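Please look through the sequence and the model shown below before reading on. The paragraphs that follow lead from the strands and their pairing to the charged side chains, and then to a single loop residue.

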Amino acid sequence: MTDAALDCPAWLDRFRTEAPRLPVPPVFRPAPAARAAAVLILFGDGPGGPDVLLTERAATLNKHAGQPAFPGGRIDPEDAGPVAAALREAWEEAGVEPSGVDVLCTLPELYLSHSEHRVTPVAGWWREPSEVAPGHPGEVATVARVPISELVDPGNRVMVKHPSGIRVGPAFHVRDMLVWGFTAALLTQVLSAGGWDRPWDTSRVEDLPEDVVNLAARDRGVDVATRD
């Protein structure tokens, strides 16, 4: 792992410049007393072109069951900050070798009120990709390298809402996953910061599927990507 990322591809140049200064909406502004966490936004050059790594949590969990997410979790006392925590979690959850990742930047901290976490997104370039697979038995169900071209495809993008009519937000239908909530909101900002976004129909609104709603009901909140 290196902090310089001097050899990362040119398609990441705009993202590296824009991501550290992304605006933080009021709802995501950090609360000092919240627990510190980090997630890894890992870019690579995969078989389908430039991609980003996502995981899907196991449906059997009591917290955040079945939710797609960036690898990540709480910053432990032995971690040397958000970068170390994000890399450790990516190794534990998906088998990402930290030595093969160049850190690009950190994004502004985001507060998730439902889990009372303040999350630092860490962006990385996968200089030497490793074989990935679910690393936490019973916790991570799926690990997927999702091409950016699929994420920005207008046909894969929708707005979602809870059947009660609340919590409208962006979502992505990719790789047999519905990516929604915090992860989808952050992905939307990431795609915009990188200049990869394409116009899409934001009037296309779907209800969250019943199974997703039922799994989310296990939480006090329904849209958190971090792990306790």
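Helices (H or I, at least four residues) and strands (E, at least two) are taken as DSSP runs and numbered from the N terminus. The model is a predicted one, in which local features need pLDDT of at least 70 and side-chain atom pairs count only at pLDDT 80 or more, while totals for chains, interfaces and linings use all residues. Residues are numbered from 1 along each chain as its sequence is written, and side-chain values use heavy atoms, with hydrogens and water left out.

An open sheet of 4 strands, in the order β11-β10-β9-β12, shows mixed pairing, where two strands are said to pair if DSSP finds at least two bridges between them. Because β11 and β12 stand at the edges, each with a single partner strand, one side of each is left without a neighbour in the sheet. From one strand to the next the twist averages 40°, with axes being lines fitted to C-alpha atoms, for helices over the stretch in contact, and angles running from 0 to 180 degrees between N-to-C directions. Within this sheet, β9 and β10 pair in the antiparallel sense over 4 bridges, and Met159 has Pro170 in β10 as its bridge partner. Helix α4 packs on the sheet and touches β9, β10 and β11, its direction making about 90° with that of β10; contact here means heavy atoms within 4.5 Å.

Another pairing involves strand β5 (residues 101–106), which joins strand β7 (residues 117–126) in the antiparallel sense over 5 bridges, with Val122 in β7 as the bridge partner of Thr106. Strand β5 is mostly covered, since 5 of its 6 residues are buried, and the terms are set by relative accessible area: buried means under 20%, exposed over 50%, and partly exposed in between (1.4 Å probe, protein chains only).

Side chains of opposite charge can pair when their charged atoms come close. A salt bridge is counted when a side-chain nitrogen of Lys or Arg lies within 4 Å of a carboxyl oxygen of Asp or Glu, and by this rule the count comes to 13 salt bridges. One of them joins the side chains of Asp79 and Arg88 (2.8 Å, N to O), and both Asp79 and Arg88 are buried. Another connects Arg175 with Glu150, the closest N and O atoms being 2.6 Å apart; this pair links distant parts of the chain, as Arg175 sits in the loop between β10 (169–174) and β11 (177–179) and Glu150 in helix α3 (residues 148–151), 25 residues apart. Arg175 counts as partly exposed because its relative accessibility is 41%, and Glu150 likewise counts as partly exposed, at 22%.

Arg157 forms a salt bridge with Asp197, with 2.6 Å between the closest N and O atoms, and this pair too links distant parts of the chain, Arg157 lying in strand β9 (residues 157–161) and Asp197 in the loop between α4 and β12, 40 residues apart. Arg157, at 1% relative accessibility, counts as buried, whereas Asp197 is partly exposed, with a relative accessible area of 32%.

Ser203 lies in the loop between α4 (181–193) and β12 (205–207). Is Ser203 buried or exposed? Its relative accessibility is 57%, so Ser203 counts as exposed. The side chain of Ser203 makes a polar contact with that of Asp201 (2.4 Å), a polar contact being a pair of N or O atoms within 3.5 Å, where within protein one must be able to donate a hydrogen and the other to accept it, and residues adjacent in sequence count only if both atoms are side-chain atoms.
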